[in-house]
Amino acid sequence: MPVTANIFSSDFSEKPYWWNDWHPHDASLAEVPKEADVAIVGAGYAGLTCALELRKAGLDVVVLEADVPGSGASTVSGGQTSGGANVGKKPTGRSLDSAAASGREVALLQEAAEGYRIFERLVQEHEIDCLYRRSGRIVAAWTHEHLNAWKIKLEKLNHYTGADGHLMSPDEMRSELDSSIYAGGVLLKHAGQVHPSLFFAGLLKAARSLGVTVCSHAGVKHIVRRDGGFRLDTARGPVKAKRVVIATNGYTGAFMPDLQRRVIPVTSHQIATEELPDDLRHSLIPNDRVVAETKRVSNYYRMSPDGKRMLFGGRARFFKMNRRESASVLHAQLVARFPRLRDVKVAYSWGGLVGLTFDFLPHMGEEEGLHYALGCNGSGVAMMTYLGRQTARKIIGGGNRVSAFESKDFPTQPFYTGSPWFLPMVGGYYRFRDRLDRMLDG
């Protein structure tokens with residue numbers, strides 16, 4: 001696709017904006033141990049949180065990372081946190097919008113809310129300076145039908161998660177968001193924003209300080225059952241473990257083909273604008289909320305922690321693109337929402353793999369000592385942190401209930417082996433439906 005050259009600042013970078021404050025690196029290359037009680041594959045939010053909880057229980061833990069810690073999606077997310085707003089959200093603009101909640105729906109919502117509380121406790125317990133604050137979240141309704149669905153959903157969300165949300169009047173919506181593109185909105189006060197790279201850095205520091213061995217450039221090639229446990233062959237040698245946890249999310253590889261065909265890796269693209277003039281900084285999102293849309297191919301955005309830039313993300317396209325191409329798409333989408341940003345240039349463009357699932361729900365589970373926590377579906381900060389902790393508690397016997405996210409039904413589809421060949425077709429259809437919904441919206 002053509003790229004509009006004049007949208008880029010003179011210092012444009014393809015480095016993630018978040019990496020200005022902390023970037024993935026490994027000053028000291030830890031040796032891969034010969035054995036451990038638990039081997040965790042993947043050093044993201046889920047892997048490190050799982051390792052922290054296991055280590056507190058006295059277990060010997062090694063985390064195996066194919067690249068360096070933080071090189072996946074954990075340090076490049078949109079930095080939005082909530083507890084249940086996206087649970088089960090399907091690409092229809094709807095989510096758990098029946099009049100009555102089923103037993104599992106209630107459990108899913110309650111656990112998602114618990115995950116948010118656990119995230120907040122981790123930040124406090126380990127004194128992680130990640131610029132977290134409970135700023136509130138705007139759910140921007142793409143159509144009036146979506147807004148009506150949220151009227152039904154909101155009562156359940158408030159009741160089961162304590163989201164403290166309410167529908168906004170047109171006047172309130174205008175006072176919260178300088179955009180006229182939406183049919184309305186919902187304000188969830190029990191939600192917030194975080195610097196994802198600094199949060200990750202804090203988890204990594206806490207894990208290492210407790211004695212967790214985190215090994216870079218130790219990609220797992222094979223996992224085989226042996227002597228009542230497992231042998232993991234890595235790029236830097238083998239390790240034996242009694243238990244294994246797969247926490248690779250959108251980066252799940254061919255070493256676990258059965259799990260790979262259950263997770264759909266989708267690139268979520270993001271941009272950061274150049275520093276904005278004062279009048280724009282304080283008027284676009286005057287109360288500094290985070291924003292997420294209800295449409296099928298959703299966009300999400302917020303101001304940078306210092307309030308100087310707009311950070312804007314979404315599924316720019318469903319086929320391979322370079323960073324300038326994705327920036328061009330996102331810039332056009334940004335301007336459609338905020339016409340006053342038409343002449344503002346893009347300073348950063350980056351992306352990371354989100355792990356989607358066919359039922360749009362996160363999953364954790366276990367089979368004879370091999371555990372997994374996968375499928376953030378775009379809500380990785382709190383959800384993967386929660387699933388990592390719950391997986392650890394299951395291993396050490398600290399949980400007295402089965403998680404609602406622990407289901408034997410982890411679906412896949414025929415002919416899918418981990419390479420999402422169907423995304424361009426499905427994504428194109430979803431974009432068409434978003435446009436059609438707007439045309440037909442009364």
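## Terms and model

A residue is called buried when its relative accessible area is under 20%, exposed when it is over 50%, and partly exposed in between (1.4 Å probe, protein chains only). The model is predicted, so local features need pLDDT of at least 70 and side-chain atom pairs count only at pLDDT 80 or more, while totals for chains, interfaces and linings use all residues. Residues are numbered from 1 along each chain as its sequence is written, and side-chain values use heavy atoms, without hydrogens and water.

## A nonpolar surface patch

Phe415 is exposed, at a relative accessible area of 75%. Its place is the loop between helix H9 (380-396) and helix H10 (423-440); helices are DSSP runs of H or I with at least four residues, strands are runs of E with at least two, and both are numbered from the N terminus.

Together with Trp421, Met425 and Val426, Phe415 forms a nonpolar patch on the surface, with about 500 Å² of accessible area in total. Such a patch joins nonpolar side chains (Val, Leu, Ile, Met, Phe, Trp, Tyr) within 5 Å, from residues with over 30% relative accessible area and no salt bridge. A salt bridge is a side-chain nitrogen of Lys or Arg within 4 Å of a carboxyl oxygen of Asp or Glu. Areas come from the Shrake-Rupley method with a 1.4 Å probe.

## Two loop residues with positive phi

Most residues other than glycine have a negative phi. Asp164, in the loop between helix H3 (144-161) and strand S6 (165-168), has a positive phi near 55°. Asp164 is partly exposed, at 45%.

Asn377 also has a positive phi near 55°. Asn377 sits between strand S19 (370-374) and H9, in a loop, and is buried at 16% relative accessibility.

Conventions:
Patch = residues over 30% accessible without salt bridge, like charges linked within 9 Å, V, L, I, M, F, W, Y side chains within 5 Å.
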